[in-house]
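Thanks for making time this morning.

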Amino acid sequence: MLLPSRDPRMTIKRILKVNHAGEVGAIRIYAAQIAVARRLFPRIVPELEEMRIDEIDHERIFRDAMPSRQARPCWIMSLWRMGGYLLGFVTALMGERMVWICTEAVEATVHRHLEEQLHFLKERDAGLHGLILSIQDQEMAHLAEARQHQGDDPSVLRSIGNGVIGFATECLIWLSTWGDSSWMSREMRAVR
């Protein structure tokens, strides 16, 4: 059973805004990590550059989908840009392991939200549903790569990093969707 929802067109606009903003933030995270990694641990630069290229492509896909749905970029885009760069810079200064913890935390949070969005969009916007599905595989590959670099080590740093970075990402998503992310999550749980 679906919970009573708001105007789906407004939520679709907000999904586009937050996904576009998230990709901009991810591009900035990788840009900062690449800048630091070139000096401190250059062997991971090719992997980071490959993931950054994916995020640039995702940003373009969401930007191109905005006009037909009367969506505009997120009102807190500067926060996504600055926050992404700062997060990437700080985590890279903390070491190679923290780079992968950051990727894991961000991608795990993104994956949860993409699942909720796919559930919401399935009957409401088949085109956007298909775009998100096409991107989801690459985002999951980034998550798998980050986890592979860390193995099964349940360290305190990994636990704290995932918690703090995941929470910060959740807050930005909530702000960017004006809270729609919360009720989409509740709607998805209600039908499980």
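Predicted model: local features only at pLDDT ≥ 70, side-chain atom pairs only at ≥ 80, totals over all residues.

Let me begin with helix α3, residues 77–93, which has 17 residues and reaches 24 Å from its first C-alpha to its last, close to the 24 Å expected at 1.5 Å a residue.

Which residues of α3 are buried? They are Met-77, Trp-80, Gly-84, Gly-88, Thr-91 and Ala-92, and, seen down the axis of α3, these buried residues fall within an arc of 100°, so they line one face of the helix. On the other side of α3, Met-82 and Leu-86 are exposed, whereas the buried residues pack against α1 (8–40), α4 (96–121) and α6 (156–176). Just after α3 comes Gly-95, whose phi is positive, at about 120°.

Turning now to the cores, the largest nonpolar core has 15 residues, and the members that touch the most others are Ile-15, Leu-16, Phe-62, Leu-121, Leu-128 and Ile-132. At least two residues of this core are supplied by each of α1, α2 (45–65), α4 and α5 (126–150), with the largest share, four residues, coming from α4.

If we look at Phe-62 in particular, and leave aside residues up to four places away in sequence, we find that Phe-62 touches Leu-16, Asn-19, His-20, Glu-23, Leu-128, Ile-132 and Ile-135.

Technical notes:
Residues numbered from 1 in each chain as written. Heavy atoms only, no water. Expected span 1.5 Å × (residues − 1). Buried < 20%, exposed > 50% of the residue type's maximum accessible area, 1.4 Å probe, protein only. Arc of directions from axis to C-beta. Contact = heavy atoms within 4.5 Å. Core = buried A, V, L, I, M, F, W, Y, C linked by side-chain atoms within 4.5 Å.
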